[in-house]
Amino acid sequence: MQSSLLSLPQQQAPQVMQYAPEPPPAASYPSSSVELGDLKRILVRRRFLILATAALLTLAALLYGLFTPALYSSVAEIIVDPQDLQVVTNDVNPSRVPPDGGITMVESQVAVVQSSGVLLRAIAATNLTEDPEFNGQGGLLSRLLGGVLGSESTETDKMGETDKTGTTLDALRRRLAVKRADKVLVLDVIVTAKSADKAAKLANAIAQAYLADQAAARAKMATDASDSISARLEEQRKRVQRAENAVEAYKSANNMVMAAGNLVSDQELTEINTQLAAAQSRTATLKAQVDQLRRSGGAPDATSEAMRSAVISSLRAQEATLVDQVSQLGTELGPRHPSMMAAQQQLRDTRALIARELGRIGAAAETDYERALANQQALEAKVAGMKSKSLDTDQASVKLRELQRDLEAVRSVYATYLQRAQETREQVNVDSTNARIISDAMPALKKSWPPLLLLVFGAFFGGLGLGTGMALIAEYSSPTVLSSAQMQSAIDAPVVGVLPAKSARRRWWPFGGAAQAGQKMDAVAGLALRRLFSSSRRPPDWPLVPSILLTSAPEDAAQRGRVARLLANAAAARGSRVLFIDTNAGKGHKEPQPGLLDVLRGEYAFEALSQYAPGSNVAVLGKGRPKAAFSEAQGVYYTQHMLAQASRNFELVIVDGGALADNLNASPLVAMVDEIVLVATLNATPMRDVTAAAQAISVMGRLPTGALLVDEAA
């Protein structure tokens, strides 16, 4: 016989032994919160809810798309330049570009296009109040109400006539969308209607109404400005007249004669001052000439006046000619020749003429200087007299100048008002708005609503999202076992293995050989057995055979039985002799065969009832006949006795303990087995059932020592 993986010392069992293995010390395990990897299990388990929600929403979207009347959208494009046309210099509407490039101003035009004034213009231009699609009289509900409430149709019609424009305006505003793309100055006017031609017509009408509204608004602004300025013109004219009268009255009262805007006395004083300055300059010049003549003494011909005199120049030239002639005659004829003597006499006469001319120039200079000095003195006396007279009018001139400044200011304001009134009056008929339609709306070739494909896809994926949310809510309201960490936290014991779901390649009952077991399942089961007994605190001389009891919630009975048989097969495949006790066997038989209950009552010997399965190392012991109850102390005694006897022929006992909350007959086994393993199915076993099973084990005096999970998604 092969050596067992779970070999323990084999000894004779005592007749009476009141010892049960103590539970392992409490350990700290991770939190039981849901992890991200557990979402897959939740979604797989509740996939029908998710798919049903998605299918319902998709069907609703499909029906909506098929039965909803088609709508068409048309777009008219308007470009708005923040810098208006510069028609006149002083425009009522300034054309300055804001620092943000006019984006804010253009963005405000979006609200202008949607304003009631623009839309009412478009409604009036297209007679939209008579269109049933927009005046509120074309809906199915309105027609039904009209048919049912026939007696009240007249009052309803009157009410409709009163509110028709408002209803049409609201309907048009709901069908209108005005958008501006980022960083552009173009407005898209989008209108949606049941007819493509109607949508294009309305979009163009709104665009034209916007331009007309802007032109009218600017004309009104110019008109209001012109009227306001014109109303002030008469008042400004009267102010000018009062200022002029005040100036004239003041001049008349103070005997102040004005010429060319200045007092006559001031003008005379200015002119005389100019003359005096010129006289003083001339006197100074003449005095300098006289002083020069006086300093020249006997040589008056060296003065600048003699040098500038034409007579002196002529006489000097004649003198030079005579000097040359005398020199030539003296050489040729001698000093006593008559010609020589005549030439000398002419020379003397010429020099006498020069002397007399120089004397005349000096006398003339003296005379001019005396006249200039006399004139200067006369002008100085006159200026002094006029200055004394001017001092008398200076105080009056200060007030006069103040009145004149007021007059000029009033005249300037009046002139500005008059010019501005003329300009604004002309701007009424000039449109300076720099906005135009760059693209007229065209009838749409395809409907814009409902987008059937988009609705179906959106509804499908939205349904998936909604179904996922509902699945998570359902999971939160009734949580299940989602992960090993959650299970460990719930029972305060380790999870020794996660087994894959049942495979079609494996036959579980009756017990088969190792060749029938899947390699993956056998590996997981073998590791689970090793983990269970690796930390065992059994006394070295403990005479009872190693034992494992598996329990679960009632709905996991099939998985529990499958896991119990898997553990038995895994141990048997490695050469261990295994006793498999099934507390659920025998159900449904008319005549139950003797089994565990008969042994616990002491009616049968254990060796007489255990039977090996064909072709395996597993002996099976059924539930037995529940014909009579037994006390717990009696059951514990015979359980201990049975496990002691089993140690002679078996190396491992595996008990399918059923749902302990419903199976009180397993209480003696719970008290004596080494390991109590709780079996649960991932994403299927409710956490409340796990808690109930753990509490049932606790009531029987023990705690779970481990857990085995079954993963149906693996």
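Val496 belongs to strand S7; helices (H or I, at least four residues) and strands (E, at least two) are DSSP runs numbered from the N terminus. The model is predicted, so local features need pLDDT of at least 70 and side-chain atom pairs count only at pLDDT 80 or more, while totals for chains, interfaces and linings use all residues. Residues are numbered from 1 along each chain as its sequence is written, and side-chain values use heavy atoms, with hydrogens and water left out.

**Surroundings of Val496**
- Leaving aside neighbours within four places in sequence, Val496 is in contact (heavy atoms within 4.5 Å) with Ala528, Arg531, Leu532, Ala707 and Leu708.
- Val496 and Val677 are 181 residues apart in sequence, and their C-alpha atoms are 9.0 Å apart in space.

**Helix H14**
- Buried residues in H14 are Met521, Asp522, Val524, Ala525, Gly526, Ala528, Leu529, Leu532 and Phe533.
- The cover over these buried residues includes strands S7 (495-500), S8 (547-552), S12 (652-656), S13 (675-681) and S14 (706-711), together with helix H15 (557-573).

**Packing of H14 with H15**
- H14 and H15 pack at an angle of about 85 degrees with their axes 9 Å apart; axes are lines fitted to C-alpha atoms, for helices over the stretch in contact, and angles run from 0 to 180 degrees between N-to-C directions.
- H14 is therefore roughly perpendicular to H15 (65 to 115 degrees; under 35 is roughly parallel, over 145 roughly antiparallel and the rest oblique).
- Met521, Asp522, Ala525, Gly526 and Leu529 of H14 meet Arg562, Leu566, Leu567, Ala570 and Ala571 of H15 in this contact.
- The contact of H14 with H15 comprises 7 nonpolar, 1 polar and 2 charged residues (Ala, Val, Leu, Ile, Met, Phe, Trp, Tyr, Cys and Pro count as nonpolar, Asp, Glu, Lys and Arg as charged, and the others, Gly among them, as polar).

**Packing of H13 with H20**
- Helix H13 (residues 484-491) packs with helix H20 (residues 687-699) at an angle of about 40 degrees, with their axes 10 Å apart.
- H13 and H20 are therefore oblique to each other.
- The contact is made by Gln486, Met487, Ala490 and Ile491 of H13 and Met687, Val690 and Ala694 of H20.
- By class, the contact of H13 with H20 has 6 nonpolar, 1 polar and no charged residues.

Methods: Buried means under 20% relative accessible area, exposed over 50%, partly exposed in between (1.4 Å probe, protein chains only).
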